[in-house]
Amino acid sequence: MKTVTKLIACYVRVSTVGQNEAGQIAEIERWIEGNGIDATNVRWFIDKGKSGDNLKRPAFEKLQASVFAGEIATIVTYKLDRLSRSLIEGLTTLAGWCEKGIRVVSTSQNLDFNGTIGKMLAAIFFGLAEMEQQTRKERQRAGIEVAKKNGVYKGRKQGTLKASPERAAELRDKGLTIAEIELALGVKRNSVFRYLRQSKSIKVPSAR
């Protein structure tokens with residue numbers, strides 16, 4: 001009977017469409033080359049513009065399907081928080097993979113998350129990732145409160161879109177950073193990038 005060679009799954013995630021995943025890919029490719037792995041045995045799973053707050057991501061779900069089908073021997077990612085920023089979901093997923101005998105590697109942290117010690121280390125890293133995410137959200141909320149006090153943040157009216165490409169382009173032309181536009185419009189970072197791309201084909205009226 002022919003032996004089926006299991007695959008090396010490489011998972012990459014960037015949280016906004018405007019972010020570049022090239023750095024993560026290059027780091028993983030260095031690990032693959034350094035370990036003498038045949039590129040034909042590698043399968044890439046890339047999620048762009050997807051948050052790590054939950055596991056509902058197209059590429060991640062395809063990765064899980066391959067895991068359940070018994071096709072994967074090793075999962076490689078740039079950093080553990082690329083898989084999840086939730087302590088419970090991250091540990092549950094990792095534990096499930098390890099129970100199937102799958103090796104999980106974080107290239108930037110230079111760690112293999114296998115066995116009891118691996119799970120303990122993973123708990124620490126997932127916990128730090130979740131803490132970092134909560135801190136970011138708290139800073140964002142604080143920024144919104146400041147924007148409201150300064151009369152910049154308008155919020156979202158019921159039954160309307162959060163913002164418009166014209167308004168995003170107008171704020172950008174005034175010299176505001178992406179983060180400042182994000183707060184002013186009350187939208188996520190990837191929405192700001194999307195509005196700015198859309199505005200290229202729209203004539204933006206000058207501010208008076």
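Contact, on this tour, means heavy atoms within 4.5 Å. The model on your screen is a predicted one.

**Stop 1: the whole chain**

Start with a cartoon view of everything. Walking along the sequence, you pass them in the order β-α-β-α-β-α-β-β-α-α-α-α. Now colour by accessibility: 38% of the 208 residues count as buried. If you draw the contacts between residues at least 6 apart in sequence, 68% of them join residues at least 24 apart.

**Stop 2**

Select Glu21, in the loop between β1 (7–14) and α1. Is Glu21 buried or exposed? Its relative accessible area is 16%, and buried means under 20%, so Glu21 counts as buried. Show what surrounds it: setting aside neighbours within four places in sequence, Glu21 touches Val12, Val14, Ile46 and Lys48.

**Stop 3**

The whole structure holds 5 salt bridges. We will visit some of them.

Begin in helix α1, residues 22–34, by selecting Glu27 and Arg30, which sit 3 residues apart, about one turn of the helix. Their closest N and O atoms are 2.8 Å apart, making a salt bridge.

Next, select Arg43 and Glu71. A salt bridge joins their side chains, with an N to O distance of 3.1 Å. Here the pair links distant parts of the chain, 28 residues apart: Arg43 belongs to strand β2 (residues 42–48), and Glu71 to the loop between α2 (58–68) and β3 (72–77). Arg43 has a relative accessible area of 32% and is partly exposed; Glu71, also at 32%, is partly exposed too.

For the last pair, select Asp81 and Arg82. These two form a salt bridge with 3.0 Å between the closest N and O atoms. Check their accessibility as well: Arg82 is buried at 11%, and Asp81 is buried at 7%.

**Stop 4: α5 against α6**

Hide the rest for a moment and show helix α5 (residues 165–173) with helix α6 (residues 178–185). Their axes come within 10 Å and cross at roughly 135 degrees, which leaves α5 and α6 oblique to each other. The crossing of α5 over α6 is right-handed.

Which residues make this contact? On the α5 side, show Arg167, Ala168, Leu171 and Arg172; on the α6 side, show Ile178, Ile181, Ala184 and Leu185. Coloured by class, the contact of α5 with α6 has 6 nonpolar residues, 2 charged and no polar ones.

**Stop 5: along α6**

Stay on α6 and colour its residues by accessibility. Ile178, Ile181, Glu182, Ala184 and Leu185 are buried. Step just past the end of α6 to Gly186, and look at the backbone: phi is positive there, at about 70 degrees.

**Stop 6: α7 joins the group**

Bring back helix α7, residues 189–199. Compare its direction with that of α6: the two pack at an angle of about 100 degrees, their axes 9 Å apart. That angle makes α6 roughly perpendicular to α7. To see the contact, show Ile178, Ala179, Ile181, Glu182 and Leu185 from α6, together with Arg189, Val192, Phe193, Tyr195 and Leu196 from α7. By class, the contact of α6 with α7 divides into 8 nonpolar residues, 2 charged and no polar.

Finally, which residues of α7 are buried? Select Asn190, Ser191, Val192, Tyr195, Leu196 and Ser199. With α5 and α6 still displayed, you can see where they go: the buried residues of α7 pack against both of those helices. The tour ends here, with α5, α6 and α7 all on show.

Key: Residues are numbered from 1 along each chain as its sequence is written. This is a predicted model: local features need pLDDT of at least 70, side-chain atom pairs count only at pLDDT 80 or more; totals for chains, interfaces and linings use all residues. Side-chain values use heavy atoms; hydrogens and water are left out. A salt bridge is a side-chain nitrogen of Lys or Arg within 4 Å of a carboxyl oxygen of Asp or Glu. Helices (H or I, at least four residues) and strands (E, at least two) are DSSP runs, numbered from the N terminus. Buried means under 20% relative accessible area, exposed over 50%, partly exposed in between (1.4 Å probe, protein chains only). Axes are lines fitted to C-alpha atoms, for helices over the stretch in contact, and angles run from 0 to 180 degrees between N-to-C directions. Angles under 35 degrees count as roughly parallel, over 145 as roughly antiparallel, 65 to 115 as roughly perpendicular and the rest as oblique. A crossing is left-handed if the near helix is turned anticlockwise from the far one by less than a right angle, and right-handed if clockwise. Ala, Val, Leu, Ile, Met, Phe, Trp, Tyr, Cys and Pro count as nonpolar, Asp, Glu, Lys and Arg as charged, and the others, Gly among them, as polar.
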